[in-house]
Amino acid sequence: MNTTLSSSAPSQLETDCLVVVVLDQSEKDQSKKDKPAITVESSDTAVREAAKDVVSSGEVTGKTFETTLLHRPAGLKAKRLLLVGGGKAKTFSAAELRKLAGAAVRTLKSKSIRSFAFVVPESAVPASQGVPAIVEGAFVGNFDPGYYKSDRNEKDQKIDALTIVVPGNAQGTQGDAKALENAMQAGRIVAESQNFTRDLVNEPSNRMTPTMMAERAKKMAAEVGLNCETYGADKIKQLKMGAFWGVAQGSDEPPALIVLRYDPVGAADKVHLGLVGKAVTFDTGGISIKPADGMEKMKYDMAGGATMIGVMRAIALLKPKVKVTAIICATENMPSGKAQKPGDVQIAMSGKSIEIINTDAEGRLVLADGLCYARQLGCTHLVDAATLTGAVVVALGYVNAGIFASDDQMYQRFANANKQAGEKMWRLPLDDEYKENLKSNIADMVNAGSRWGGAIFAAMFLKEFAEDTPWIHLDIAGTAWMEEAKPWIAKGPSGIALRSLVEFVKGWES
Ligand code: BES
Ligand code: MN
Ligand code: ZN
């Protein structure tokens, strides 16, 4: 999708469709009898005039994602005018705007419209935030997961061109225009990286083996100028990654340890961020095999790793001055004659012994060694992302990802980044009391405990391997895959956590 900035008056723009946000200015607790007070978010009187009749008819309520399409709007050069509802003006922010842009894309592409212009609602969101938000939302909305449909090419309905309209820009200084152009390009990088991650996650396990994932990382790294090393079983054994290998040993597909390094000149040497991703390209559960119902979804069990690869892509292009290393532990989790069995004891890279109670609790095993390796490489702060537990879905549903943090200061930084990125996440606890559950009769710890507080147990287990290095764990099991389509996004891989992580990394820039 082509993206351009325009400073012309919206009414003068020749486009297939001009998209304008409408907001409801009425207060929350107003009595129901009152009509919503709708504003059409453009300073161009001709645009407001064109929308006037349909707005005063009461057809437009301003409700979030409500769309109203007008053809040949009077007084405008645009062929169509699309009004998209943004809900209450009071609570409208860049996060809502991002979703509206996605919803506009999805509405228009289903009508075979290929290009449109989106007017930045400047009185609600400043252009510096609005421009990247619109780009990000539009790219996310343009993603189509139907990769293997044989009629994909004929049916390929995508938006080719997006114009972002900031009319005030004309009076702005040259510097403002340049800053907005940069903001648009940055939004594009983040959005394309998010879709890059969704690409990887969308692939089924026969087309995204650990080896193929390593190849995709290598290819991306070469394109953006990142250092990428990929290793197989030999290196995993040589590093004594007994927990990672315990999972990998049951599969005929070789595992892959993917290391991506970003080390810019001028970065402070006291900060070295480590991003660790779970990339189980298919999770059968192993000998503790999962039920058949829904097992096909376990192709997305590599989403944490795919997210970290996507984050590194964005970082390499945005070039913040901070050292970052990503470690992705890729493997299948299979039952076989070579597979690990319940009761087996594995010695992790850190030297700690683990009694395997349930071979389906495999993500924490691969991450245990990934976190240890990141510390060995000198990372001063760790973040991991993983589709780790069904229990986080019980706790937070499909809405919020779970955040766990061992360090309040680091959490605060992440929370700020997360707010900027407009992704839904919620912090869960890591009290010492939970540590009891880790006890094993035979080894230092078990890999699985009781059903209760399962997401916390998994995080407590990981904490044993992050040790005293400040660490954040993101459990994205319920949010990495959209169970149903939403107005702004298709059913399928979501790319959750990438934007927050990119913001987080940028926040460390020295
Ligand atoms: N990959 C799963 C977690 C998962 C569940 C991801 C649902 C996406 C959607 C993980 O490896 C797993 O199987 N966890 C078990 C742990 C249990 C055996 C202690 C779980 O959550 O049931
Ligand atoms: Mn599992
Ligand atoms: Zn898993």
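Q: How far apart are the zinc ion (ligand 3) and the manganese ion (ligand 2), and which residue coordinates both?
A: The two ions are 3.1 Å apart, and D283 coordinates both of them. This is a predicted model, in which local features need pLDDT of at least 70 and side-chain atom pairs pLDDT 80 or more, while totals for chains, interfaces and linings use all residues; side-chain values use heavy atoms, without hydrogens and water. Residues are numbered from 1 along each chain as its sequence is written, with chains lettered from A and ligands numbered from 1 in the order in which they are written.

Q: OK, what coordinates the zinc ion (ligand 3)?
A: K278 through NZ, D283 and D301 through OD, and E362 through OE, at 2.0 to 2.4 Å. Donors are N, O and S atoms within 2.8 Å of the metal (3.2 Å for Na, K and Ca), and water is not among the atoms, so sites may look incomplete.

Q: And the spacing of those zinc donors along the chain, what is it?
A: The donors of the zinc ion (ligand 3) follow K-x4-D-x17-D-x60-E.

Q: Is the site of the zinc ion (ligand 3) octahedral or irregular?
A: Octahedral, with angles of 78 to 175° among its six donor atoms. For six donors, that label needs opposite donors over 155 degrees apart and all others between 65 and 115; anything else is irregular.

Q: Which residues hold the manganese ion (ligand 2)?
A: D283 (OD), D360 (O), D360 (OD) and E362 (OE) coordinate the manganese ion at 2.1 to 2.2 Å. In sequence, the manganese donor residues are spaced D-x76-D-x1-E.

Q: Why is the arrangement around the manganese ion (ligand 2) irregular?
A: Because its six donor atoms subtend angles of 70 to 168°.

Q: Switching to ligand 1: which residues come nearest?
A: K290, D301, D360, E362 and G390, out of 16 residues around ligand 1, each with a heavy atom within 4 Å of the molecule.

Q: What lies 2.6 Å from an oxygen atom of ligand 1?
A: A backbone N or O atom of G390. A polar side-chain atom of K278 is 3.2 Å from an oxygen atom of ligand 1, and a polar backbone atom of T387 is 3.4 Å from a ligand 1 nitrogen atom.

Definitions and conventions
A polar contact is a pair of N or O atoms within 3.5 Å; within protein, one must be able to donate a hydrogen and the other to accept it, and residues adjacent in sequence count only if both atoms are side-chain atoms. Four donors count as tetrahedral if all angles lie between 85 and 135 degrees; four count as square planar and six as octahedral if opposite donors are over 155 degrees apart and all others between 65 and 115; anything else is irregular.
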